[in-house]
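Here is a short report on a protein model. It covers surface, charge pairs and annotated spans.

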Amino acid sequence: MNNLTFFTEFILLGLSEDRHAQTLLFVLFLGVYLLTLMGNLVMILVIRGDSHLHIPMYFFLGHLSFLDICFSSVTMPKMLQNFLSQKKSISVSGCITQSFFFLLSGCAEASLLSAMAYDRYAAVCHPLLYTVVMNRPLCTAMVGAAWVMGFLNSLVNNLFIHKLHFCGSNIIAHFCCELPSLFPLSCTDPTANEFLLSGSSAFLGLLTLPLILFSYSRIISAILSIRNSEGQGKAFSTCSSHLTVVLLFYGTALFRYISPASGSVLERVVSVQYSVITSLLNPLIYSLKNQEVKAALQRMLRQQKCALG
């Protein structure tokens, strides 16, 4: 932090500088944040409370819901505060802390989605051995590895940010302290930091994407080998929700971290997509397309109704 002494705070421009638009955005994103918290918390409670869901798929899904709560909570409270504030500032230490947890959550989620792809491969391609292959120690190790990869990736990149000197303009053309948005504010050459971030993002992609591609190539092959259409539909339904989430998250996140930062409105929209909207949609996607989750939710509601009655 000794290098970050030229000023004590950054100014976040946010999604819009128009006051009327900011009021509307506050109402919109407050609703998004509350729905995100409620949807993911309900998913966690349903999974923990229903014994029918105590299988590997829902073990991962519960951790994904927890990660989505963390991911959205890194940026949303400060974003909502800035919508109503005249001075949209964040301290330098607060900015570095936010960037650390933002990258940690994002990398951990990318790694967890890769583990979930392998889980779907085991379920579709080896259904009789599913609980043997995806045993509890392996599932716990995969979730732990996701958190460790996210932590290490974020730690390395945020340690190197301390080598930069920030002076002159302290205005961040973004709604949060995401690392690519900090580099243009540096008085020293940030090329090494940009290379490190792009390289670590590409490395994470090389570790996680091949497992996803392998899993879904085998899943598609297995589905096509099924003779009847009903069996194909049932097999596809077990992984369609996860595939939708993977496309939403990976497509926008890779674009953001591999392409150079420009401070454009498109970059902010892309960041909103994978850090805010995906966290909102995940519980909806998994609950609306999953009969077991819907049945478990109905059982929980009936139990609550009986307890109250």
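This is a predicted model. Val 148, Phe 151, Leu 152, Leu 155, Val 156, Leu 159 and Phe 160 make up a nonpolar patch on its surface. Their accessible area together is about 570 Å². Val 148, one of these residues, sits in helix H5, which covers residues 136-160. Its relative accessibility is 47%. Val 148 therefore counts as partly exposed, since that class lies between 20% and 50%.

**Salt bridges**

How many salt bridges does a search of the whole structure find? The search finds two. Side chains of opposite charge can pair when their charged atoms come close. The table lists both pairs.

| Salt bridge | N to O distance |
|---|---|
| Glu 9 and Lys 87 | 2.9 Å |
| Asp 119 and Arg 120 | 2.9 Å |

Take the pair of Glu 9 and Lys 87, whose side chains meet in a salt bridge. Glu 9 lies in strand E1 (residues 9-12), while Lys 87 lies in the loop between helix H2 (56-84) and strand E2 (89-91), so the bridge ties together parts that are 78 residues apart in sequence. Glu 9 is partly exposed, at 23% relative accessible area. Lys 87 is exposed, at 52%.

Now take the pair of Asp 119 and Arg 120, which also form a salt bridge. Are these residues buried or exposed? Asp 119 is buried, and Arg 120 is buried too. Buried here means under 20% relative accessible area.

**Ser 237 and Gln 291**

Ser 237 belongs to helix H8, residues 229-258. With a relative accessible area of 34%, Ser 237 is partly exposed. Which distance separates Ser 237 from Gln 291 in space? From C-alpha to C-alpha it is 9.8 Å. In sequence, Ser 237 and Gln 291 are 54 residues apart.

**Annotated spans**

An unreviewed UniProt entry lists residues 24-46, 58-76, 96-118, 138-156 and 195-214 under "transmembrane region". Two of these spans can be checked against the model. Residues 24-46 are 100% helix and 0% strand in the model. The end C-alpha atoms of residues 24-46 lie 33 Å apart. Residues 96-118 are likewise 100% helix and 0% strand. For residues 96-118, the end C-alpha atoms are 34 Å apart.

Notes. Residues numbered from 1 in each chain as written. Predicted model: local features only at pLDDT ≥ 70, side-chain atom pairs only at ≥ 80, totals over all residues. Heavy atoms only, no water. Patch = residues over 30% accessible without salt bridge, like charges linked within 9 Å, V, L, I, M, F, W, Y side chains within 5 Å. Areas by Shrake-Rupley, 256 points an atom, 1.4 Å probe, with all protein chains shown as cover. Salt bridge = Lys/Arg side-chain N within 4 Å of Asp/Glu carboxyl O. Helix = DSSP H or I, 4+ residues; strand = E, 2+ residues; numbered from the N terminus. Buried < 20%, exposed > 50% of the residue type's maximum accessible area, 1.4 Å probe, protein only. UniProt positions renumbered as here; feature names shortened; annotations may be inferred.
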